[in-house]
Amino acid sequence: MMTRHEVRQRADDPLDLRGLPLADPPADGWPEIEAALLERNRRGRAQRIGGGLLAVAASAVLAFSLMLGRPLPGDLPADPGTTVADTPAAAATAEPTPAPLQEPPLESLIAMSQQLEGRIRAWRASAGDLPSDVLVYQVELQDLIVQVDEALSASPDSTELWSQRVNLLLDVTRLYENSLRREYYRMASL
Amino acid sequence: MNGSPFEIELDEMTLARARRGSVAACEQIYRAYHRPAYSVAFRIAHCPETAQEIAQEAFITAFRKIRQYRGDAPFWGWLRRVVVNHAISTIRRDRRHDAVTLQDFHEPEPPRQEQLGTAMDLEAALGLLDTEDRAVVWLHDVEGYNHKEIADLFGKTESFSKTRLSRARSRLRDLLQPHRSAAGGLR
């Protein structure tokens, strides 16, 4: 006579698969995992140092850009014959906007991140996809941005993470900038 | 009732150290869970090399995302989900596992009399199942997943899970029947 426990177990696992022993891995996988973790830690440290420096630099650049009303570095003039200095925004330097330098770094970074996102969207809309050789880097950078966004969902006020995000977005803008510049020179040489 | 082989408790201190990035703590976690992780990957993929890759990638993913573990459920359940997700993605991405498995087991050697009715039969019979059927029967019968959880993993309906489970069990019974009868019948 089977107990209720045995009846239930037989219903859940009628073929007694749980009776199979654990399978043994063919090799110790730890050395490979350890190497991956150490590499990640090393890159994380480098990014933190770079991110910290960039946070300061990015805040300064953003503040300066806002103060002067100029586009961020990486903007190409809409017309190849026009320079940044010729733009109306540059002419407005006589009346500088009030002191964005007093903004806390986190807000500056968030603002810069939004500004860069907008710029990338605009470039993407006007210039279309990047050439395939550059696209690979763009996809990798976007993957990294997704990872940073995941981390930001847990720590939304992390200056370090926002600076990493800005850093990565700047890298993406550089890809577009270089690609547009290449195209501009190609057209100019025709 | 025996639970999942994953059901190993992890002390809070090791978990906290791992979340702070301690490689030594990660190794402790690996040592505690690598056999159940490999085992579930092997039962699903039924290929030692693939199972090893799945387990490795799953541990790296888990350690990379360990800060996302919120502690509202046992750690082993969270880790098992990472491993199973990797295993399911792998078998769905790479259907060649089926071909390898079938090739390996198409003409199994006749079991020796003393092996009849043993775990060896069950292992070989599992190897003959369709990959998704095997994953479903293992996750349901051994790991204790319900049909909804399995359906979510595969991105399918609960009917998919129920059908595959029924088909897998039926096929296993067919495969095991002659052996078990000859051995005096385990069931």
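Which residues does B:A87 touch, not counting residues up to four places away in sequence?

Modeller: This is a predicted model, in which local features need pLDDT of at least 70, side-chain atom pairs count only at pLDDT 80 or more, and totals for chains, interfaces and linings use all residues. Residues are numbered from 1 along each chain as its sequence is written, while chains are lettered from A and ligands numbered from 1 in the order in which they are written.

With neighbours up to four places away in sequence left out, B:A87 touches B:V40, B:A41, B:I44, B:A45 and B:I54; here, contact requires C-beta atoms, placed from the backbone, to lie within 7 Å. B:A87 is also among the residues with the most contacts inside the largest nonpolar core, which has 52 residues. Such a core is a set of buried Ala, Val, Leu, Ile, Met, Phe, Trp, Tyr and Cys residues joined through C-beta atoms within 7 Å, and a residue is buried if 20 or more other C-beta atoms lie within 10 Å of its own. α2(B) gives the most to this core, with 12 residues; helices are DSSP runs (H or I, at least four residues), numbered from the N terminus. At least three residues of this core come from each of domain 1 (7-94) and domain 2 (109-182) of chain B, with bounds taken from an automatic or database domain assignment. A second, separate core of 15 residues includes A:L116, A:W123, A:V166 and A:L168.

Between the chains, 32 residues of chain B are in contact with 29 residues of chain A. On the side of chain B that touches chain A, α2(B) supplies the largest share, 10 residues.

Terms used
Contact = placed C-beta atoms within 7 Å. Helix = DSSP H or I, 4+ residues; strand = E, 2+ residues; numbered from the N terminus. Buried ≥ 20, exposed ≤ 12 C-beta atoms within 10 Å, placed from the backbone.
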